[in-house]
Every structure is written in C-alpha cells, then in structure tokens.
Amino acid sequence: GAAEEEDEATVARVQRSYSTEAGAAPASASASASASGAGGDGMLVPAAWALGVMDAVYASLEAGLGAFPGASLEHNKYCVSVHFRNAAPELWPGLQAFVEQTVAGEKRLRTSMGRKVVEVRPRIEWDKGKALTHLLEQLELAARDDVCVIYLGDDRTDEDAFAALKNEPCGVGILVSSKAKHTQAAFSLTHPTEVLTFLRSLATEL
C-alpha cells in the first residue's frame with residue numbers, strides 16, 4: 001500500500017545517504033571525507049583513529065583477564081566492556097584497577113562504570129543520545145508531530161538517549177530497572193517480562 005511504499009522510499013533514501021555516490025571521486029575528496037569523520041562508504045565514523053586503539057585495548061585486557069575468573073570481555077567497536085557480574089565480589093576492586101591501569105597510558109580513552117561493567121571508550125563527543133538524534137535526522141523522522149519515538153534502556157549510558165528524547169514532539173523514554181533511581185526517562189518498567197508485555201500491547205493497539 002501507500003504506507004509501505006513510503007517506508008521503502010525512506011529506507012532507500014537513507015541507504016543513498018550512506019552509500020558512496022562519489023565512488024569515482026578524486027582521492028583528495030576521499031581523504032577529506034575520512035578526516036571529517038565520514039568513512040569511504042559514506043557511513044558516519046565519529047573517530048576513525050579509535051578503531052585500532054580499541055582493538056589494542058581489547059587484546060591487552062584479554063591477556064590479563066584470566067586473573068579474574070568469571071569476568072568476561074565484549075568488543076563493540078567503539079566500546080570495550082569488561083563484565084564482572086559473574087566474578088567473585090572480592091575480585092571487583094582489583095579488576096577495576098586492572099582496567100584503569102591498562103588504559104592509563106592512552107589519554108584519548110576514558111573509562112566509565114555501568115551495571116557491574118567497566119566500559120572503555122574514546123574521548124569523543126558521542127553518546128547514545130547523539131547517536132539517536134543522528135539516526136532520526138538521517139531517517140527524516142526528527143521533530144515530527146506524526147512520529148512517536150520510543151526508547152527502552154536499562155543502563156546509565158541510556159540516560160543520554162532519554163534526555164535527547166525530551167527534544168522530540170513525541171519522545172518516550174522508558175527505563176527498565178527493578179530499583180528506583182533518578183532518570184531522564186518519562187516512564188519505567190521493572191523487568192524484561194514487562195517490556196515484552198508492553199511491546200505486545202503496543203503491537204496489538206497499532
């Protein structure tokens with residue numbers, strides 16, 4: 001129908017914005033795009049320099065993680081996460097110190113604490129709120145009265161996205177947490193099972 005055709009047109013438009021129409025562009029244009037944070041395929045790359053640095057940090061952390069049974073490592077390109085939920089509590093302080101020492105020599109990186117996780121990230125002006133805003137702009141869905149943006153999150157790093165939603169005509173941030181806490185979210189759910197119930201109800205209404 002018309003709605004489906006409009007959706008397909010939007011997706012195609014976004015794909016074009018990410019594709020490289022300048023495939024035959026001169027080398028100088030490609031170099032300029034790379035320096036400004038755009039990858040060769042047109043994708044936004046907030047800090048291209050960080051990719052190799054994060055790989056090196058991951059390798060260093062992986063090499064020493066064996067001293068902390070139960071801890072695990074996750075590499076999400078621009079964020080290396082050290083999870084210690086399954087490690088013995090007496091190991092937590094030493095593990096956190098190990099992460100801090102590993103990245104201490106790299107001033108372009110920073111660490112932050114989440115829910116039983118230490119995260120290592122590049123020092124760039126980029127967070128989930130900016131990512132959400134960028135995505136909405138690319139999809140041409142930002143600041144529209146006929147679009148309601150719903151964002152669910154359970155971590156401290158989701159607060160930036162909750163805050164960004166306050167700038168949208170219809171932005172709904174939902175914190176998923178079993179504990180009461182200060183949040184930028186408008187609503188809260190206590191458990192993933194409630195999230196499933198909410199999404200099913202939403203799908204039924206729509």
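Does D127 count as buried, partly exposed or exposed? At 22% relative accessibility, D127 counts as partly exposed; buried means under 20% relative accessible area, exposed over 50%, and partly exposed in between (1.4 Å probe, protein chains only). This is a predicted model, in which local features need pLDDT of at least 70 and side-chain atom pairs count only at pLDDT 80 or more, while totals for chains, interfaces and linings use all residues. Residues are numbered from 1 along each chain as its sequence is written, and side-chain values use heavy atoms, with hydrogens and water left out.

**The antiparallel sheet**
- An open sheet of 4 strands has the order β1-β2-β4-β3, with antiparallel pairing; helices (H or I, at least four residues) and strands (E, at least two) are DSSP runs, numbered from the N terminus, and two strands pair if DSSP finds at least two bridges between them.
- Because β1 (72–75) and β3 (109–113) stand at the edges with a single partner strand each, one side of each has no neighbour in the sheet.
- From one strand to the next, the twist averages 20 degrees; axes are lines fitted to C-alpha atoms, for helices over the stretch in contact, and angles run from 0 to 180 degrees between N-to-C directions.
- β2 and β4 are joined by 4 bridges, and V82 has V118 in β4 as its bridge partner.
- Helix α3 lies across β1, β2, β3 and β4 and runs at about 170 degrees to β1.
- Helix α4 also packs on the sheet, where it touches β2, β3 and β4; contact means heavy atoms within 4.5 Å.

**The parallel sheet**
- Another open sheet has 3 strands in the order β5-β6-β7, paired in parallel.
- Its edges are β5 (149–153) and β7 (187–189), each with a single partner strand, so one side of each is left without a neighbour in the sheet.
- β5 pairs with β6 (residues 171–176) over 5 bridges, and V172 in β6 is the bridge partner of I150.
- Helix α7 (residues 192–205) lies across β5, β6 and β7, at about 165 degrees to β5.

**Nonpolar cores**
- The largest nonpolar core has 22 residues, and V57, L61 and V82 are among those with the most contacts inside it; such a core is a set of buried Ala, Val, Leu, Ile, Met, Phe, Trp, Tyr and Cys residues joined through side-chain atoms within 4.5 Å.
- At least two residues of this core come from each of α3 (50–64), β2 (80–83), α4 (92–103) and β4 (117–122), and α3 gives the most, with 5 residues.
- Apart from this core lies another, of 10 residues, including V149, Y151, L165 and L175.

**Salt bridges**
- The count comes to 6 salt bridges, each a side-chain nitrogen of Lys or Arg within 4 Å of a carboxyl oxygen of Asp or Glu.
- R115 and D154 form one, with their closest N and O atoms 3.5 Å apart; the pair links distant parts of the chain, 39 residues apart.
- E119 and R121 form another, at 2.8 Å between the closest N and O atoms; E119 is buried at 9%, and R121 is buried at 15%.
- D127 meets K130 in a salt bridge (3.4 Å, N to O).

**Helix α5**
- The buried residues of α5 (residues 128–138) are G129, L132, H134 and L136.
- At the start of α5, a side-chain oxygen of D127 reaches to within 2.9 Å of the backbone nitrogen of G129.
- Just after α5, E140 takes a positive phi of about 55 degrees.

Note on methods. Polar contact = N/O pair within 3.5 Å; in protein donor to acceptor, adjacent residues only side chain to side chain.
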